[in-house]
Amino acid sequence: MRIDRRAALTGVLALFGTSVFAPLARAAQMTAAQLIPDGPPSVAVFSPAQRALMTALSERVIPTTDTPGAIAAGVPDFIEKLLADWASPTDRVPILAGLDALEARSQQDHKVAADKATPEQQDALLTLAMNGGFPGGKTFFEAFRQLVITGYYTSEIGITQEREYLPVPGEYNGAFPYAQVNKVYSA
Amino acid sequence: MAATNRFDAIVIGSGVSGGFAAKELTEKGLRVLMLDRGRMVEHGEDYPYDGKPAYDVPARNVMPKGLQERDYFIAKRGYVQPSNMGFYNNDRLNPYAFDEGSKFYWIRPGAVGGKSLIWGRWSFRWSPQDFEANQREGVDGAWPIGYDDLAPWYARVEDYIGVSGSRENLPYLPDSNFQPPMPMNVAEKWLKSQLEAKFPGRKLIHTRLSNMTEDKPDQGRTKCQFRNQCGNGCSFGAYFSTQAVTLPAARATGRLTLQSDAVVTSIEYDAAKKRVTGVRYVDAKTGQAQVVQADLVFLCASAMGSNQILLNSRAPGSERSHFDSSGTLGRYVMDHIFRVGVEGEIPGMTDLIEYGRRPGGVYIPRFRNLDGEEGVGFRRGYGYQGSARREPAAPVGFGAAMKHGMRRYGPWKFSMGAFGECLPYKDNRVSLHPSKVDRFGVPLMRFDVTFRENELRLIADARVQGEAMLRAAGLQNVKSSEGDHVPGDAIHEMGGARMGADPRTSVLGSFSQAHDAPNLYVTDGAQMASASCVNPSLTFMALTMRAADHAVKQLRA
């Protein structure tokens with residue numbers, strides 16, 4: 001390969017200099033694992049009280065039944081990581097507002113911190129939100145339920161225990177009896 | 001052939017066209033340098049999320065919003081996910097331009113293999129009518145070749161890569177040399193019988209897909225395993241990609257040199273001899289520019305990428321490309337118009353579900369204007385790609401009842417999207433930005449491409465007919481939707497360096513070679529003089545194989 005010295009001199013080295021070029025070149029080579037770092041949330045989205053309530057409510061949305069529930073599936077950590085680093089900052093607003101409203105409502109109705117309330121009391125609080133029983137309640141409920149569902153059904157427990165996962169199906173049957181599996185296949 | 005050149009031919013780009021060019025030219029004995037501007041991706045070992053479920057992919061395989069808006073704000077239109085983003089272009093680092101009112105989505109890959117790693121894989125032959133329509137209708141841009149010129153090359157490509165599909169004997173959608181089709185599911189079979197009974201002449205057929213249904217042991221490739229995670233890279237090599245199919249073949253000759261991160265900026269030209277002499281490129285990692293020489297150049301940098309390189313190949317101080325003596329370079333740019341969706345529920349069959357995740361689906365081929373203009377208010381036509389699926393039941397309430405309710409499936413739903421032909425318009429053009437350059441010193445591409453009245457009428461008809469067909473077939477809750485029609489969005493962009501018989505009105509001749517330089521071939525989407533309404537990649541491959549055959553015969557003549 002013949003290097004054209006004149007071309008090299010008049011090329012981008014001359015235009016940009018290596019100090020600018022190298023970081024751009026490295027950025028173009030970044031992989032998903034580098035661009036989407038794992039690890040703890042970069043900011044604390046929740047106060048300790050909010051986190052405790054969010055955790056308790058996630059389990060009320062998807063409780064442990066014959067399969068593990070939201071807490072076992074790591075949903076609370078997923079929600080905080082997502083709101084800290086993967087979602088838009090504005091996505092936190094209705095969640096935080098809703099948690100605070102539920103906390104106030106629990107103190108008023110049940111005279112207890114919402115995360116310490118009984119499961120039945122927490123279900124009543126969620127029902128109140130679902131039915132729009134306080135301003136912002138419906139918005140909170142829809143957004144929060146969506147977070148829990150996303151976190152749960154993309155977790156290992158959700159994909160492989162609650163649902164059935166076929167890593168390599170190997171064949172396709174477009175008329176397969178549901179009764180043979182009695183659950184949903186993960187995508 | 002100059003004895004001093006290290007390479008006999010340079011192939012620019014490594015997608016469906018570039019990979020085929022490299023395979024064909026090396027197998028015919030040429031020493032080939034293949035350059036790609038993207039990062040290196042080796043088959044298998046560089047598919048980090050092949051076979052990985054969401055919990056093993058960063059961010060559960062949903063693009064983080066900040067990253068998406070910063071670096072992948074165009075790629076997000078092209079199905080980028082964390083699991084495949086290593087194959088995509090970074091939009092922040094590689095800008096382009098358009099004026100207000102001429103929005104264009106230039107959705108690009110960023111790795112060796114080009115879009116062959118991330119394409120939709122629907123593979124159709126074009127019909128005789130597709131090649132004849134411009135001339136018959138008096139539309140600017142008569143093809144210098146017809147279906148018969150391409151048919152044997154289609155067959156060779158199909159036999160090599162493996163295309164699954166069903167023989168239908170439709171004159172307007174010629175059969176390929178097929179492997180067996182992927183099965184329809186029970187709901188699609190029902191819909192087929194209903195629809196074809198209500199609408200004589202309209203068909204619902206198996207998809208035609210580059211996912212194989214039979215092994216190709218001689219290529220080390222295994223048939224589709226029904227994972228439907230194709231875009232993550234497929235270590236089985238079940239679908240056509242450069243990595244799985246053409247790159248191994250080219251490497252096996254011992255005559256291929258592949259250089260990644262090599263951004264070709266222009267093609268070197270000897271004006272006296274009217275021949276290209278090599279290419280100029282920048283190493284994306286170091287910024288070093290260099291020229292490499294060869295007596296044959298295959299330009300396969302993607303339709304719009306090839307236009308940019310052609311436009312930027314010009315004498316110092318000149319605004320006109322060496323390859324634009326016709327004045328048509330950059331013009332007649334097209335894309336399919338496709339943001340119309342139609343869906344409905346298929347009643348019954350609720351005890352049956354799908355086992356396995358089938359890629360592809362079913363196809364309703366074009367039925368409009370098959371014998372010329374039928375007075376429906378527009379020219380040409382459209383086809384629909386769709387599938388019937390059952391989604392998990394939607395959540396109701398919360399708690400154990402919701403959780404267990406979601407263990408059921410909802411009804412069978414059929415959804416489909418239309419792909420419509422776009423006519424070639426002289427003033428749908430791309431050009432080089434007069435003042436802005438990218439980090440490699442290349443003027444930005446500027447797009448001035450819009451859909452016109454014919455395309456908008458056509459897609460409006462697709463919406464009406466789609467609803468009518470699904471309703472008449474007996475589907476319930478039939479709904480349709482329409483999105484913004486932005487050229488580039490279908491990722492079927494074509495044209496700009498069209499093929500034609502007359503050097504005064506076209507850039508390329510009938511074997512994809514430049515009128516202004518017979519040792520330069522452009523064999524990707526840039527060469528297309530019309531767009532058909534079917535997916536174009538198979539045609540690019542066949543044209544590339546045909547051009548390579550011609551080029552080597554010319555070299556040895």
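This dialogue goes through some features of a two-chain model and how to read them.

Q: What kind of model is this, and how are residues and chains labelled?
A: The model is predicted: local features need pLDDT of at least 70, side-chain atom pairs count only at pLDDT 80 or more, and totals for chains, interfaces and linings use all residues. Residues are numbered from 1 along each chain as its sequence is written, while chains are lettered from A and ligands numbered from 1 in the order in which they are written.

Q: How many helices and strands does chain B have?
A: Helices (H or I, at least four residues) and strands (E, at least two) are DSSP runs, numbered from the N terminus. Chain B has 10 helices and 21 strands.

Q: What does the radius of gyration say about chain B?
A: The radius is taken over C-alpha atoms, and the globule rule is 2.2 Å times the number of residues to the power 0.38. For 557 residues a compact globule would have a radius near 24 Å, and chain B agrees because its radius is 23 Å.

Q: Which residues touch the most other members of the largest nonpolar core?
A: Nonpolar side chains tend to be buried together in soluble globular proteins. A nonpolar core is a set of buried Ala, Val, Leu, Ile, Met, Phe, Trp, Tyr and Cys residues joined through C-beta atoms within 7 Å. The largest has 211 residues, and A9(B), I10(B), V11(B), I12(B), V32(B), V297(B) and L299(B) touch the most other members. Helix α10 (residues 537–556) of chain B gives the largest share of this core, nine residues.

Q: How many residues does each chain bring to the contact between them?
A: Two residues are in contact if their C-beta atoms, placed from the backbone, lie within 7 Å. Chain A brings 60 residues and chain B 57. On the side of chain A, helix α3 (residues 18–29) gives the most, seven residues.

Q: Which strands pair between the chains?
A: Two strands pair if DSSP finds at least two bridges between them. Here β1 (residues 173–177) of chain A and β12 (residues 352–355) of chain B pair in the antiparallel sense over three bridges. N173(A) stands opposite Y355(B) in β12(B).

Technical notes. A residue is buried if 20 or more other C-beta atoms lie within 10 Å of its own, exposed if 12 or fewer, and partly exposed in between; C-beta atoms are placed from the backbone.
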